[in-house]
Amino acid sequence: MCAHIHTPHTYAHFTHTLHTYTHTVLCDVIAMAGLFVFVPILSPYLLQKFVLDPSEIGVVSSVDSMFYMLLGLFAVPLFEKCGIPPRPFITISLVIAGAGYVLMGPAAFLTTPQLWITVLGLGGAGFGCALTILLTYLEMMSVARELITSDENEIMAIPGLIAGTVACALSCGELVGPLLGGVLREKLDFAETTTTFGGVLVAQGILLFLVSTIHTCCRRTTHR
């Protein structure tokens, strides 16, 4: 049955159109790395700077996961039900995540470190990264609806191929995030590390906006 559904034509079509998803997949990788980049650096920082005990560190560290859970329950159904285009909000969520990281340190040009500011920054980073991850899947499905044919086998197979691509991107982010956080922390202090990665997230958001704008302009020109 699986062999019947996943036809060579389906794989060829998906591979041919994969370039359409490239920047969206990259957002997935960076956003998931954003949820894991502070894994090796946050606990030592909280212990050293604010002298928190393990249970308090656990509570603070769970803030980003809380946003991931809540957004999964409410944001995705809302976007689907209302037909809201996800791509503009992916850009916004990346910028929010970047701002959260800048605040988490906080960056030297902002203010002196305080626990509530770090928690607020962690919440912003978690919210932005989690929303990016959830919306990228919706964006890829939205693009797929425009690209797939009326072939029944292809309609059934493409969502599974997209899910596999997203899972691969998320796993890559989980791998890269802690490694990147550890390497940056060896060279920089905590505030500089979070600010640097915040800049990466904001830059990716701006890049996605530019790519989306160019792509939209090209499509309008083509259809004239």
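The structure is a predicted model, in which local features need pLDDT of at least 70 and side-chain atom pairs count only at pLDDT 80 or more, while totals for chains, interfaces and linings use all residues. Residues are numbered from 1 along each chain as its sequence is written, and side-chain values use heavy atoms, with hydrogens and water left out.

**The pair at Arg-87**

Arg-87 belongs to helix α7; helices (H or I, at least four residues) and strands (E, at least two) are DSSP runs numbered from the N terminus. Which interaction does Glu-139 form with Arg-87? The two residues form a salt bridge, with their closest N and O atoms 3.1 Å apart; the term denotes a side-chain nitrogen of Lys or Arg within 4 Å of a carboxyl oxygen of Asp or Glu. The structure holds one salt bridge. Because Glu-139 lies in helix α8 and Arg-87 in helix α7, the pair ties together parts that are 52 residues apart in sequence. Glu-139 and Arg-87 are both buried. Side chains of opposite charge can pair when their charged atoms come close.

**Along helix α8**

Select Met-140, which is also a residue of helix α8. Met-140 is buried because its relative accessible area is 0%.

Now move to Thr-132, within helix α8 (residues 115–147). Is Thr-132 buried or exposed? With a relative accessibility of 0%, Thr-132 counts as buried. Its side chain is joined to that of Ser-93 by a polar contact of 2.6 Å. A polar contact is a pair of N or O atoms within 3.5 Å; within protein, one must be able to donate a hydrogen and the other to accept it, and residues adjacent in sequence count only if both atoms are side-chain atoms. Apart from neighbours within four places in sequence, Thr-132 is in contact (heavy atoms within 4.5 Å) with Cys-27, Asp-28, Ala-31, Ile-90, Ser-93 and Leu-94.

**The nonpolar core**

Select Phe-38, Leu-46, Tyr-101 and Leu-201 together: of the 50 residues in the largest nonpolar core, these touch the most other members. The elements giving two or more residues to this core are α3 (22–36), α4 (42–50), α5 (54–61), α6 (63–82), α7 (87–104), α8, α9 (152–187) and α10 (190–222). Helix α8 supplies the largest share of this core, twelve residues. A nonpolar core is a set of buried Ala, Val, Leu, Ile, Met, Phe, Trp, Tyr and Cys residues joined through side-chain atoms within 4.5 Å. In soluble globular proteins, nonpolar side chains tend to be buried together.

Then centre the view on Leu-201. Not counting residues up to four places away in sequence, Leu-201 touches Ile-30, Leu-94, Ala-97, Gly-98, Tyr-101 and Cys-129.

**Out to the surface**

Select Met-66, Met-69, Leu-70, Leu-73 and Phe-74, which form a nonpolar surface patch with about 520 Å² of accessible area together. Patches are made of residues with over 30% relative accessible area and no salt bridge; like charges are joined within 9 Å, and nonpolar side chains (Val, Leu, Ile, Met, Phe, Trp, Tyr) within 5 Å. Accessible areas come from the Shrake-Rupley method with a 1.4 Å probe, and for residues only the protein chains shown count as cover. Leu-70, in helix α6, counts as partly exposed because its relative accessibility is 34%.

Glu-56 is found in helix α5 and, at 37% relative accessibility, is likewise partly exposed. Its C-alpha lies 9.2 Å from that of Leu-46, ten residues away in sequence.

**Two backbone details**

Select Val-51, in the loop between α4 and α5. Although not a glycine, Val-51 has a positive phi of about 50°, and this residue is exposed, with a relative accessible area of 65%. Next, select Gly-105 and Pro-106, joined by a cis peptide bond with omega of about -15°. Pro-106 is in the loop between α7 and α8.

**The whole chain**

Finally, show the entire chain, which has ten helices and zero strands. Of its 224 residues, 43% count as buried. Among contacts between residues at least 6 apart in sequence, 82% join residues at least 24 apart. The chain exposes about 11700 Å², of which carbon and sulfur atoms supply 71%.

Key. Buried means under 20% relative accessible area, exposed over 50%, partly exposed in between (1.4 Å probe, protein chains only).
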